[in-house]
Amino acid sequence: MATAKSRKAAPGRLAQKTANPEPRVYVSAPPPVAPSFYHDLVWNLRNGVLAVTESGQIAVMNDVAYRIFGLTPRESDIGRPYSAVLKDLPDVMRIVAGAFELSHLPNRAELRVKRTNKVIGYTLSQVRDTRGRITGATLFIKDLTRVEQLEERERLRDRLAALGEMAAAIAHEVKNPLAGIEVMAGLLKRQLLDNQDAQSILKDIIKEAKMANAIVVEVLDFVRPIRLQVEDSRLDEVVRDAMAMAESHRNRGQVEVSMSFPDDLPGIQGDPHQLRQIFTNLLTNAFEAMNGAGQVSISAAQLPAEEEVAVGSDVKAVPMIQVEVSDSGPGVPPEVIDKMFSPFFTTKPQGSGLGLAIVRKIVDAHDGRIDVSAGPQGGARFRIILPVTGNHELFR
Ligand SMILES: Nc1ncnc2c1ncn2[C@@H]1O[C@H](COP(=O)(O)OP(=O)(O)O)[C@@H](O)[C@H]1O
Ligand SMILES: [Mg+2]
């Protein structure tokens with residue numbers, strides 16, 4: 001029971017004794033900010049926030065939440081039933097409804113939002129008034145899509161490390177006997193100059209040995225850990241060099257290659273030799289896919305700075321450059337798309353299946369991304385996104 005004396009003390013006033021003055025304590029000080037501050041605070045949080053009232057109306061929904069859900073922010077959503085605003089997001093709606101039904105609310109749970117295909121981490125809390133009555137619910141969300149991509153990359157790296165050790169050991173063992181076969185076949189060829197049958201068989205043996213050797217070299221290339229020799233690199237020069245390299249690997253026949261790079265494209269911090277390998281492999285594949293006729297176009301554009309996850313919780317926004325290589329070949333069948341970047345996956349009788357695995361490895365080493373889709377000319381379109389400055393530079 002409260003005494004008459006304590007009831008007299010107005011809330012928000014100084015608790016003060018006259019006889020023995022103690023340090024002044026504000027029981028509830030007026031906030032040093034305008035009421036709009038709370039709106040701005042929630043709106044600008046880097047996590048998504050969605051709050052609903054007990055009667056199911058939206059009380060708060062911030063910019064990040066709209067973005068994660070793939071919705072357009074509308075002021076009129078405030079006060080509308082959440083079941084109407086989130087009607088295309090049944091998975092999210094179910095979670096919010098749980099706030100009023102569940103006894104244990106999920107903390108740091110994860111969900112893939114079907115509508116936007118984003119992976120979100122979320123925490124659900126109840127809003128209670130001072131008497132403990134539930135008056136609403138809040139959903140805190142964070143977009144984990146990028147984190148997931150990084151984890152996936154990490155897993156792939158581990159897998160490749162194990163596979164790589166084995167492949168390197170085998171490639172090493174095979175390299176010497178192969179060189180032996182080639183040399184000895186050459187000797188024999190010179191000794192049997194007047195035997196036409198033997199000449200033609202030995203020519204084939206030498207050709208096959210050379211081809212096997214090329215695969216071994218590619219395997220070793222693939223498994224060797226990448227050490228980037230980073231310098232200022234101009235992608236237009238890199239791509240031009242790659243064209244010459246690809247043509248020396250593979251006769252391009254009637255294939256036309258066009259290149260469109262903006263004049264003001266910034267250079268990037270990267271290893272020009274490794275970067276050249278990316279485009280050499282992509283162009284070689286394009287020439288092979290088109291079998292002598294068609295078009296390949298290579299274009300580049302600068303993308304606005306995006307958030308790059310760096311070491312620890314440090315985040316740095318870096319401009320990105322996107323390069324597209326598209327061809328007018330047959331395109332990539334859906335069942336191939338998932339596997340084409342895996343080492344040793346090939347649909348070609350003489351393929352090594354390492355071209356794209358090497359491409360991916362180099363793109364990764366530059367903190368970039370690569371994907372493939374159907375191109376404007378019906379063939380394959382490879383899109384490579386590279387940061388102007390990678391983490392390898394930022395954390396030197
Ligand atoms: N431009 C392209 N068009 C169609 N399919 C492609 C293209 N590039 C790659 N592929 C597919 O991806 C597979 C893997 O390519 P890659 O790793 O370079 O190995 P390889 O060229 O030795 O087969 C190819 O065998 C092919 O099926
Ligand atoms: Mg290839």
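Where is the place of Asn291?

1. Asn291 sits in the loop between α9 and β9 (295-309); helices (H or I, at least four residues) and strands (E, at least two) are DSSP runs, numbered from the N terminus. Its phi is positive, about 50 degrees, although Asn291 is not a glycine. Asn291 is exposed because 11 other C-beta atoms lie within 10 Å (buried means 20 or more other C-beta atoms within 10 Å of its own, exposed 12 or fewer, partly exposed in between, with C-beta atoms placed from the backbone).

2. This is a predicted model, in which local features need pLDDT of at least 70 and side-chain atom pairs count only at pLDDT 80 or more, while totals for chains, interfaces and linings use all residues. Residues are numbered from 1 along each chain as its sequence is written, and chains are lettered from A and ligands numbered from 1 in the order in which they are written.

3. Arg108 lies in the loop between α5 (90-98) and β3 (109-113). Its phi is near 55 degrees, a positive value in a residue other than glycine. Arg108 counts as exposed, because it has 9 C-beta neighbours inside 10 Å.

4. Ligand 1 is surrounded by 21 residues (C-beta atom, placed from the backbone, within 6 Å of the molecule). The closest are Asn285, Thr346, Gly351, Gly355 and Leu356. Two or more shell residues come from each of α9 (272-290) and α11 (355-365), and α9 gives the most, with four residues.

5. Gln126 is in strand β4 (residues 118-128). Gln126 counts as partly exposed because it has 15 C-beta neighbours inside 10 Å.
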